[in-house]
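This report goes through selected elements of the structure shown here.

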Amino acid sequence: MSIQGKKVIQVLVKISEKIDENKAYLSELDAAIGDGDHGLNLNKGFKAVIEKIKEDDGSDIGGILKKAGMALVSNVGGASGPLYGTAFMKAAMSVNGKSEIDMSDFSKMLEDALEGIKMRGKGQANDKTMIDAIEPASNSIKHGIAQGLEAKEVLKLAKEAAYKGVEHTKEIIARKGRASYLGERSLGHQDAGATSSAIIIETIYEALN
Amino acid sequence: MKKIINDPNLVVEDMLRGMVAAHPKDIKKLDNADVLVRVDSPVEGKVALVSGGGSGHEPAHGGYVGKGMLDAAVAGAVFTSPTPDQVYEAIKAVDSGKGVLLVIKNYTGDIMNFEMAKDMAEMEEINVKTVVVNDDVAVENSTYTAGRRGIAGTVFIHKIAGAKAETGASLEGVTRVAEKVISNVRSMGMAISSCIVPAAGKPNFTLGETEMEIGMGIHGEPGTHREKLKTADEITEHLMNKILEDIQLSSGEEVAVMVNGLSSTPLMELYIVNKKVNEILEEKGIKIHRTFVGEFMTSLEMAGFSVTVLKLDSELKELLDAPANTPAFKVI
């Protein structure tokens, strides 16, 4: 599978639409153990992303993702702004100057995005954060490519791994962010950040299908 | 919801304009950011102090911009950390070349956004250091949480590090003093009613008619427990016990005290609390060098209060007593 710059822009538009559709749901998840603004803030951020990239000619995928990251950082606020912003900027760096990318590029992008999130948030798996959705997805993609699976199948497995990770967040205690003040009272609740990450990965799968 | 506002989306902007209109000789707003700075910034030969955070805690932090305290305060949306570009604009506007100290309250979002701003400023070769305030003893300080929150004790960091900066001290010197204040300050709060974030339009939490939450955070984060409302003396004793368990104070030592109203608690009640704070410290032979009673770090319309105790040595005492002239905090 080869993905052109224009297609990357289309995928980002789809992500923005999907976040808009789910904004109330994401804020509701956040309200149970956080401060209840995740969906609204993220929606505001992706709207700003689309404003920044809609006129882009698609010749540099790194440039598109960098603009997206900057827009998220300066429009989302809270913790998810720097985290998603850093993720997109790290992903941008690994495909700088490329006008088309393939599955192994995408795998590297997601891996670098994950490393960026871990670095910025000083977090790791099982902290009940977006890492719990992205890390299994990233591992699943690497595994799928190594097995020689088709791109479509690789992305489908990644989406499933991400949602499995989201389910897992219900069973663990939050160790990062505002939810961590709740300690054991955070058990049973699904993490909003992991959910938005899984929605984004699912949208990438659907858009490239 | 009953609020005296024009539009939930404009509360921060409208408030900042109103603050500048009230204090035009002291503070101004940057054109390109929700940042209040000293009118005379950048102040030549002085390390600059920048703080900020989500709005809704007024007079924090814009009220502390002025001689002897902050050079800039960055105002995020209500209870939401400001973004890195806003903090970066503040740093650029106040740096005199002597460096900038960022005073950050310990919240996940604040730390990430301020650190990104620091990275951006360092790329422009501005020397930036950060300190993180975590004075709230209601949170267990473990590696399994985001750590203790920064609350009203932050005002003492602004005051004392601000005074140090006025002496012409280096960035390292100002940072060292700020860190000393952080290690010597403890606070704890309680609430009897919730706040309402304007954009949300409904209370963050609900408490029963005769219920209180001990250890409540300044955004309505959970505290240690809920119980039936008790007398001011009993509540104050509980908070003071928690604070004094956490900081070693022996007879003859000196402290500064802050009794902080969260917004909807009358000054009468804050003075009633202060009476008990005074009695407890006196009984232990601890000298109170200065007391501040009023609203310093509020939480929209929440009712409740926090108590802060700062352990002093001769250096901190001298800096606390140094002049400060800001819209919300004056030492003459």
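The text below starts with the sheet, then turns to the helix pair and the chain contact. The model is a predicted one.

**The sheet in chain B**

Six strands of chain B make up an open sheet with mixed pairing, in the order 9-8-7-12-10-11. The edges are taken by strand 9 (225-228) and strand 11 (287-294) of chain B; each has a single partner strand, so one side of each has no neighbour in the sheet. From one strand to the next, the twist averages 20 degrees. Helix 7 (residues 267-283) of chain B packs on this sheet and touches strand 10 (254-261), strand 11 and strand 12 of chain B. The direction of helix 7 makes about 160 degrees with that of strand 10 of chain B.

Strand 7 (residues 185-193) of chain B is mostly covered, with eight of its nine residues buried.

| Partner of strand 7 of chain B | Direction | Bridges |
|---|---|---|
| Strand 12 (residues 303-312) of chain B | antiparallel | eight bridges |
| Strand 8 (residues 211-214) of chain B | antiparallel | two bridges |

Gly189(B) lies opposite Ser306(B) of strand 12 of chain B. Ala191(B) has Glu213(B), in strand 8 of chain B, as its bridge partner.

**A helix pair in chain A**

In chain A, helix 2 (residues 23-33) packs against helix 3 (residues 38-53) at an angle of about 140 degrees, and their axes are 6 Å apart. Angles over 145 degrees would count as roughly antiparallel, so helix 2 of chain A is oblique to helix 3 of chain A. On the side of helix 2 of chain A, the contact is made by Lys23(A), Ala24(A), Tyr25(A), Leu26(A), Ser27(A) and Asp30(A). Helix 3 of chain A contributes His38(A), Gly39(A), Leu40(A), Leu42(A) and Asn43(A). Sorted by class, this contact of helix 2 with helix 3 of chain A has five nonpolar, four polar and two charged residues.

**Contact between the chains**

Chain B gives 22 residues to the contact and chain A gives 20 residues. On the side of chain B that touches chain A, the elements giving two or more residues are strand 4 (72-78), helix 2 (84-94) and helix 3 (108-123) of chain B. Helix 3 of chain B supplies the largest share of that side, five residues. The residues of the side of chain B that touches chain A comprise 11 nonpolar, nine polar and two charged.

Conventions: Residues numbered from 1 in each chain as written. Chains lettered and ligands numbered in written order. Predicted model: local features only at pLDDT ≥ 70, side-chain atom pairs only at ≥ 80, totals over all residues. Axes fitted to C-alpha atoms, helices over the stretch in contact; angles between N-to-C directions. Helix = DSSP H or I, 4+ residues; strand = E, 2+ residues; numbered from the N terminus. Parallel < 35°, antiparallel > 145°, perpendicular 65-115°, else oblique. Contact = placed C-beta atoms within 7 Å. Nonpolar A, V, L, I, M, F, W, Y, C, P; charged D, E, K, R; others polar. Buried ≥ 20, exposed ≤ 12 C-beta atoms within 10 Å, placed from the backbone. Pairing = 2+ DSSP bridges.
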